[in-house]
Amino acid sequence: MVYVLSVVSAFFYGVAAVMQHREAASAPGEQHMRFGLLVHLVKRPVWAAGIVADVIAFLFQALALGQGPLTLVQPLLTAGLLFALVLAAAWDRRRLTGFELLAALALMTGLTLFLIAASPSPGRATVSFRRWWIAGVLVGVGVAVLVGWARRISGRAARWRPALLGIAASLTFAISDALIKSGIDVLHAHGLVELLDTWYLYALAGLAVLGALLVQSAFQAGPLAMSLPALTAVEPVASSGVGVILFAETLRTSPGALAGELVAAALSLFGIWVLGRSPTVTGTRSLSEKV
């Protein structure tokens with residue numbers, strides 16, 4: 001069941017990405033990295049519909065994380081890029097190229113091989129506050145460095161700003177994914193009242209706003225071909241790392257399994273990079289260049 005829930009979540013994340021891309025790229029430049037950007041976007045019907053799709057995706061992701069480990073669920077969510085490809089092609093009435101179809105096949109093969117080779121397994125159900133504190137500080141420092149770097153670069157180097165902000169957003173989402181998993185575990189074990197008495201929901205709400213600001217700023221900062229691959233590739237890696245560190249989730253480490261995992265990673269990254277930069281997904285130019 002965790003596979004079905006994860007794929008449904010990936011579908012809605014793909015729908016949300018296509019909708020939000022088209023609105024954020026055309027937002028006024030003076031609102032970049034400001035909360036006014038979110039205020040502007042929430043007034044746009046297509047972007048608001050994308051948020052609804054995001055909420056639906058979040059609910060299915062939470063259900064999946066309640067039944068499976070981060071190291072299983074998060075890699076499956078990269079399938080959202082496949083759904084984004086198909087939706088964007090239908091939206092723009094484009095025909096998919098052979099190279100795009102090859103990249104899609106590579107991504108699907110990579111995900112399947114990873115699940116067979118790695119056989120991710122659940123770890124501990126609870127995490128000490130000390131571990132959360134350490135993970136939060138490390139991620140916070142990483143996000144601060146990336147955002148500061150993105151704000152400082154100029155000239156030709158500025159083309160990397162969307163990727164830097166996308167990576168920062170992915171780190172934020174990695175901690176959010178762990179909070180979702182812990183919150184669902186508390187809900188299953190103790191009920192809603194106990195969950196409301198924890199700090200998980202309030203930290204998750206704050207991270208959701210920060211992550212949304214970083215993602216929309218990444219979309220706005222330049223061509224989507226720079227931000228989308230970073231967002232898609234980094235979050236499952238970061239979330240899997242968080243799953244291993246915080247929850248002691250495990251992957252198979254035999255020589256054969258490691259070889260399969262490396263091949264799976266190579267195929268998946270190839271598919272993510274090609275599809276993330278595909279004109280079908282991103283448009284031949286960013287929308288900010290068209291208005």
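Reader: Which residues have the most contacts inside the largest nonpolar core?

Author: They are Trp132, Leu246 and Leu275, in a core of 67 residues. The model is a predicted one, in which local features need pLDDT of at least 70, side-chain atom pairs count only at pLDDT 80 or more, and totals for chains, interfaces and linings use all residues. Residues are numbered from 1 along each chain as its sequence is written, and side-chain values use heavy atoms, with hydrogens and water left out.

Reader: What makes this set of residues a nonpolar core?

Author: The name is given to a set of buried Ala, Val, Leu, Ile, Met, Phe, Trp, Tyr and Cys residues joined through side-chain atoms within 4.5 Å, where buried means under 20% relative accessible area, exposed over 50%, and partly exposed in between, with a 1.4 Å probe and protein chains only. In soluble globular proteins, nonpolar side chains tend to be buried together.

Reader: Which helix gives the most to this core?

Author: Helix α8 does, with eleven residues, and 23 of the 30 residues of α8 are buried. Helices here are DSSP runs of H or I with at least four residues, strands are runs of E with at least two, and both are numbered from the N terminus.

Reader: Why does the radius of gyration of the chain agree with that of a compact globule?

Author: The radius is taken over C-alpha atoms, and the globule rule is 2.2 Å times the number of residues to the power 0.38; for 291 residues a compact globule would have a value near 19 Å, and the chain has 18 Å, so the two agree. The chain has 13 helices and zero strands, and its C-alpha trace spans about 50 × 40 × 35 Å along its principal axes.

Reader: What share of the 291 residues in the chain is buried?

Author: Buried residues make up 50% of them.
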